[in-house]
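This briefing is intended for a reader meeting the structure for the first time. Its points are grouped by topic and may be followed alongside the view below.

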Amino acid sequence: MGFEELLEKVGGFGPFQLRNVALLALPRVLLPMHFLLPIFLAAVPAHHCALPGAPDNFSNQDAWLEAHLPREPDGRLSACLRFTHPQALPNSTLWGEGQDPGEQPEGEPSTVSCPQGWEYNHSEFSSTIATEWDLVCEQKGLNKATSTFFFAGVLVGAVAYGYLSDRFGRRRLLLVAYVSSLVLGLASAASVSYLMFAITRTLTGMALAGFTIIVMPLELEWLDVRHRTVAGVLSSTFWTGGVMLLGLIGYLIRDWRWLLLTVTLPCAPGILTLWWVPESARWLLTQGRVEEAHRYLLHCARLNGRPVGEDSLSREALNKVAAAERTVRRPSYLDLFRTPRLRHISLCCMVVWFGVNFSYYGVSLDVSGLGLNVYLTQLVFGAVELPSKLLVYLSVRHAGRRLTMAGTLLGSALALGFRILVSPEMKSWSTALAVMGKGFSEAAFTTAYLFTSELYPTVLRQTGMGLTALVGRLGGSLAPLAALLDGVWLSLPKLAYGGIALLAACTALLLPETKQAQLPETIQDVERKSAPSSLQEEEMPMKQVQD
């Protein structure tokens, strides 16, 4: 008897599993709030060089700025330069201190960077890390780098948590993730320097990676195969809820320290919920901890109303299952590249996942230049994810996985491309295209989980998902840095996001279709290119994010 048969006896889907999904909803809500937090945390409000105070008898603020600040080629007052000497204005008696018209330098007036710092417009944000440490102009790269540091931490943390959770258990490492996220989040909010903030934020990313690695297996390892789709769809809505909730919290809390505290403190009640979160019985059996697994399985059967006899859950029966689980060889990443067809699938999936993450976070973190304010934009960006999931559900059933994957990535690329062609004055069109791009990128994300899990055989499914997610996080960490390309050309970041999405769309067409195909169990099944066989139509397409 295998673990799946054992799970069938105690109930593979019922009150026990639903309670587990509810208890693990909090990490899913917190993740997007931290991942997309730079939208508000690192926002750069309108600013200009700090200027000496205007004379008491001078009331025209615009003229005062005009006298001290040069204009950019697009006509806006410079945010990073000021005149070395104040300039005389037509019909104005304003001159530099101690100057008369004869002292005005001839030719092009000289400029300097802001020697006295900057003045910021606090109408939208009372405080951000950009205003706190003057991360603007020459230092704006440091502002974008905080997101890269964070995602790099997530990448490293995912590798560490993946190994440690297999070694010490899911529940124990989830406690570590909660406590470390809480402590490091509080330390980030209390940062007294940019260096301290960058270090603590990177470590926070490592801590939060535990949620991405542990929560889903802890849910799925208590669910039977038939109901993993339902749980997967339900769980994905928590991410969307977190995206929308971030917009509301950001609107209510305009100071970056209090905002960071607000999205961090829910980790405290999350620690308390671990009292009711069960350890994975499958993992306990692989470790030979039969007594603990027996206790959790009895609890599952009792909550699900399944009467079980002593024979079906006897120590001898559990020992046999444990022995079977321990004999399964642990796969490695190298197994994904040993055979030609599996190597082809792995390389293509790596490109696709990089493109999906790169374009998703590129679109999600770029909320400037739209007709809506940043708070309403974030709310709309979250709301559009719900119809995107419906689009995926319908498309994969009729058009298939491969065309849906390529189509959603192509939609993201086209939306980004058309935004380049739209003039800055056409705010409504730019907003509509940005929302479409966000919807398509979210649809691509959802499809990527489904498609990838169906491409890999059961014996390598977890390993394949781990590799592609790792490459995806690399794409997510590079997305904020690509925004710095606007210094070369204003539209270059959008071109980069769209170009990578287009490359990923073309690569997706090289993958085999899995619609109505039997899920492969072994590497040989993949290599044989088994012909599609009948699959129950009622099996929803978003099945088996992980097996």
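**Core packing around Tyr361**

Leaving aside neighbours within four places in sequence, Tyr361 is in contact with Phe35, Leu36, Phe151, Trp239, Phe445, Gly476 and Ala479. Tyr361 is also one of the residues with the most contacts inside the largest nonpolar core, together with Leu174 and Met405. The model described here is a predicted one.

**Nonpolar cores**

- The largest nonpolar core comprises 96 residues.
- Helix H16, spanning residues 340-365, gives the most to this core, contributing 13 residues.
- Apart from this core lies another, of 20 residues, including Val10, Leu284, Leu285 and Ala301.

**Confidence of the prediction**

- The chain has a mean pLDDT of 82, and 87% of its residues reach 70 or more.
- Among the elements of the chain, the highest mean pLDDT, 96, belongs to helix H11 (residues 256-264), and the lowest, 70, to helix H15 (residues 315-326).
- The pLDDT is below 50 over residues 95-102, a stretch that has 9 contacts in the model beyond near neighbours in sequence.
- The pLDDT is also below 50 over residues 530-547, where the model shows 54 contacts beyond near neighbours in sequence.
- Where pLDDT is low, the predicted coordinates should not be read in detail.

**Helix H2 and its partners**

- Two packed helices are described by the angle between their axes and the distance between the axes.
- Helix H2 (residues 15-23) packs with helix H3 (residues 25-35) at an angle of about 30°, and their axes are 4 Å apart.
- Because angles under 35 degrees count as roughly parallel, H2 is roughly parallel to H3.
- In this contact, Val21, Ala22 and Leu23 of H2 meet Ala25, Leu26 and Pro27 of H3.
- By class, the contact of H2 with H3 has 6 nonpolar residues, no polar residues and no charged residues.
- H2 also packs with helix H14 (residues 290-303), at an angle of about 105° and with the axes 7 Å apart.
- Since angles from 65 to 115 degrees count as roughly perpendicular, H2 is roughly perpendicular to H14.
- Here Pro15, Phe16, Gln17 and Arg19 of H2 meet His299, Cys300 and Leu303 of H14.
- The contact of H2 with H14 consists, by class, of 4 nonpolar, 2 polar and 1 charged residues.

**Helix H5 and the strands**

- Helix H5 covers residues 61-68, and its buried residues are Ala63, Trp64, Leu65, Ala67 and His68.
- These buried residues of H5 pack against strand S1 (47-49) and strand S2 (81-83).

**Two individual residues**

- Thr146 is located in helix H7, which runs over residues 140-168.
- With a relative accessible area of 5%, Thr146 is buried, because the cut-off for buried is under 20%.
- Not counting residues up to four places away in sequence, Thr146 touches Ile129, Tyr194 and Phe197.
- Lys427 belongs to helix H20, which runs over residues 427-455.
- The relative accessible area of Lys427 is 39%, so this residue is partly exposed.
- Lys427 and Leu372 are 55 residues apart in sequence, and their C-alpha atoms are 8.4 Å apart in space.

Note on methods. Residues numbered from 1 in each chain as written. Predicted model: local features only at pLDDT ≥ 70, side-chain atom pairs only at ≥ 80, totals over all residues. Heavy atoms only, no water. pLDDT = per-residue confidence, 0-100. Helix = DSSP H or I, 4+ residues; strand = E, 2+ residues; numbered from the N terminus. Contact = heavy atoms within 4.5 Å. Buried < 20%, exposed > 50% of the residue type's maximum accessible area, 1.4 Å probe, protein only. Core = buried A, V, L, I, M, F, W, Y, C linked by side-chain atoms within 4.5 Å. Axes fitted to C-alpha atoms, helices over the stretch in contact; angles between N-to-C directions. Parallel < 35°, antiparallel > 145°, perpendicular 65-115°, else oblique. Nonpolar A, V, L, I, M, F, W, Y, C, P; charged D, E, K, R; others polar.
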